[in-house]
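Could you help me understand how the terms used for a protein model follow from its values? I would like each answer to set a value against its definition.

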Amino acid sequence: MASFRRRKAVIAGVHMTEQGDLSGASPQQVYWQVVKGAVADAGLQLSDVDGLIGPAPEGLGLRGTLPGAAMADLLGRPLRFQAYTSVGAASTAAGIGPGIWAIENGVADVVILPTVSAGKGSGYTSADRGAAIAHMAKLGTPYEWLWGTTRVADHAVIAQRHMHQYGTTSEQLAEVAVAQRHGATLHPLSVMGRKGEITVDDVLASRMVAEPLHLLDSCIVNQGAGCIVVAAEDRLERARPRIRMIGYGQSHAYLDPNHLPDLTTFHGDVASDTAFGVAGIGRDEIDVISISDHFTINVIVGLEEAGFCKKGEGGPFVEGGALRIDGRLPTNTAGGYLSCTHAANSGTFGLIELVEQLRGSAGARQVTDAKLGYIHGVGGVFQSHFAAVLARD
Amino acid sequence: MGILDEKFLPPDDMPEFHRPFWEALKAHRLEAQECENGHLRFIPTEICPRCGSQDWTWRRLSGRGSIYTFTVVHRAPTPAYQADAPYVVAHVELEEGIRVIGNVTGCEPGAVHIGMPVEVAFEDVSERWTLYSFTPREAA
C-alpha cells in the first residue's frame, strides 16, 4: 500500500552475483536474479518494488527508451518512479540520492538500483575482449581516439602529468593495487582474490600498457551484476543496523580534456564539499571509503579530489599500506575495480561494500567499528563525480 | 568493415560547424575558433565557454607548442593501431595558449618528455581526411 507522506529512507538491501564470465547467462535472467537477491536482503518482496533508478532489463523496442513502462509489464503493475543519473560507471550508485529523495518525498516506497553485464553482449560490454577494448577506446571525447588513444592512455596522460607536477612515483601507484588486492583476497566473490596477494615489485614488473600505467595498475574487464535497494524506513521489519545517506553531492567538471586548464585537478571537490557540508561532519571522522579506481592513479587523484589530502599529496598519502583494511584510511576494501569487479556500472559494488562495512557484515574484511563511510564515484576520466556520506544508526 | 579492421576516421555525422576545422586540415592548416571577444577554443563548440558568444571566426594557429603531458601506448585499441606501437599520444600546449591532442612522430618514443618543443605536421590519411601530428622542433 503506497503511502503519500514524507518519511525517512534507508539503504535497505544489497546483493551481488558471481563476478567474472557470465556470458553463459542471459542479461534478463541475471537482472531478475540480482534484483530478487537485493530485495530479499532488505526483507522485502518483489511485489513491494515501485521505483527504479536505471534501465529495465535489455529488450527490444522501447524497453531502452521507456524503462519504467517496460518494468510495469514485467512486474504486472504500474511503477511509480523511474530516473536516470549520468555519472558514467558510477551512474547506478549516483542514483542513491534521487532514490532516497523520491522516497522521502512520498513518490515511491521501494526503489531498486540494478546494474547488469551478462550474456554475449556487444560494444564495450562484449564478451569479445578485443572488440570491447576497441569500443571503450571510442568512449574518449570526439576526435582524440583518431590518434590511437585507449581508456588506459586517457588516464596515463594524467598520471604522467601528476608525476611531473608533484613527484608522484610508480611505486606509490603500485601501493594502491597492493592494498586493494589484499582486500580482494578476503572477498569470496572477487575476481582477482583467488590469485593471491601482490607486491609493489609485481606491479612494476607487469606488462606496460600505456606509460606509466602497467597491467596491474589497471582495472579488470569482467561481467557481473549488483543491486541496491532503497526503502522507506516504515516498510522495513528486519532488525539490523540502518544505513542512511547523510550527505550527497555531484560535480560535472568537463568533457574535453583540452578545456581543463590543469590536467591534475578535476573539480571533484565540488561534489565532495557538498556532501560533507550537508552531512555536517569532517573527513577525519570517516572510517572507510570507496573511490572509483579504474586505474591506480584514480585513487591517488580521487583522494585529493575528495579532500582527504591536499592536491599533489595523494602519492605520499597512500604509502605504507595506508589504504589497507587495517590502514589509516581503509579504501576499496573489497578490492575495487582493480581486483574485485569492474562489471557494468561498477560504482555499484563500491557502494555495496560500504554498506557491508557499515552494517558490520564484511567478514574478514571488516574495518573495526566502522560507523561513517564515504563514496566518491567518477564517470569517465574524472569528468563527472558524485559523492555520498553514509552513516550507520 | 568492423571496428577492428582499420584505423578510425572522423565521423561522417559530425556537426556541420565542425567541418571548417577538417577542411582547414585538408589544406594543411591547423585552425581553431576565435570568438568575437578574442577567446580561442578547441575542439569546436557552439558557444564560447568564457563569454557565451555564439559568433566566431576560424583563426590559423602557429602549430608550435610544447608537450604538456603524454603517454607511450603499448597496448593499442585495435590491430591497425597496434602495428604502430609503441607510439606517443601527447597533449600539446600551443603558443596561443590552447591544448590539442595528437601523436608525436619523428623521434623515438623514449626521447619524448614534458616541455619538449614540437611543431605540427600533416598526414593525408585518405582522399577525404587529413590528420595532424607533432614532430620535435628546435626551441626558439
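Q: What should I know about the model and its numbering first?
A: This is a predicted model, in which local features need pLDDT of at least 70 and side-chain atom pairs count only at pLDDT 80 or more, while totals for chains, interfaces and linings use all residues. Residues are numbered from 1 along each chain as its sequence is written, chains are lettered from A and ligands numbered from 1 in the order in which they are written, and side-chain values use heavy atoms, with hydrogens and water left out.

Q: Why is Thr85(A) called buried?
A: Buried means under 20% relative accessible area, exposed means over 50%, and partly exposed is in between, with a 1.4 Å probe and protein chains only. Thr85(A) has 11% relative accessibility, so it counts as buried. Its place is in the loop between strand 3 (81–83) and helix 3 (91–94) of chain A; helices (H or I, at least four residues) and strands (E, at least two) are DSSP runs, numbered from the N terminus.

Q: What does the side chain of Thr85(A) reach at 2.6 Å, and what at 3.3 Å?
A: A polar contact is a pair of N or O atoms within 3.5 Å; within protein, one must be able to donate a hydrogen and the other to accept it, and residues adjacent in sequence count only if both atoms are side-chain atoms. The side chain of Thr85(A) reaches the backbone oxygen of Ser91(A) at 2.6 Å. At 3.3 Å, the side chain of Thr85(A) reaches the backbone nitrogen of Gly95(A).

Q: Which residues does Thr85(A) touch, not counting residues up to four places away in sequence?
A: Contact means heavy atoms within 4.5 Å. With that exclusion in sequence, Thr85(A) touches Ile53(A), Ser91(A), Ala94(A), Gly95(A), Pro98(A) and Gln250(A).

Q: Why is His267(A) called partly exposed?
A: The relative accessibility of His267(A) is 35%, so this residue counts as partly exposed. His267(A) sits in the loop between strand 8 (243–252) and helix 9 (268–279) of chain A.

Q: Which peptide bond is cis, with omega near 10 degrees?
A: That is the bond from Glu211(A) to Pro212(A), and Pro212(A) is in the loop between strand 5 (208–210) and strand 6 (213–214) of chain A. In chain B, the bond from Ala85(B) to Pro86(B) is cis, with omega near -5 degrees.

Q: How many residues does each chain bring to the contact, and what area is buried between chain B and chain A?
A: The contact takes 35 residues from chain B and 36 residues from chain A. Buried area is the accessible area (1.4 Å probe) that two parts lose on being put together, summed over both. Between chain B and chain A this is about 3,300 Å², with carbon and sulfur atoms giving 64%. On the chain B side, Tyr68(B), Arg75(B) and Arg99(B) lose the most area to chain A, together 19% of what that side buries.

Q: What is the count of salt bridges between chain B and chain A?
A: A salt bridge is a side-chain nitrogen of Lys or Arg within 4 Å of a carboxyl oxygen of Asp or Glu. The count between chain B and chain A is zero.

Q: Where are the domains of chain B?
A: Domain bounds come from an automatic or database domain assignment. For chain B the assignment gives domain 1 (15–60) and domain 2 (62–140). Their centres, taken over C-alpha atoms, are separated by 21 Å.
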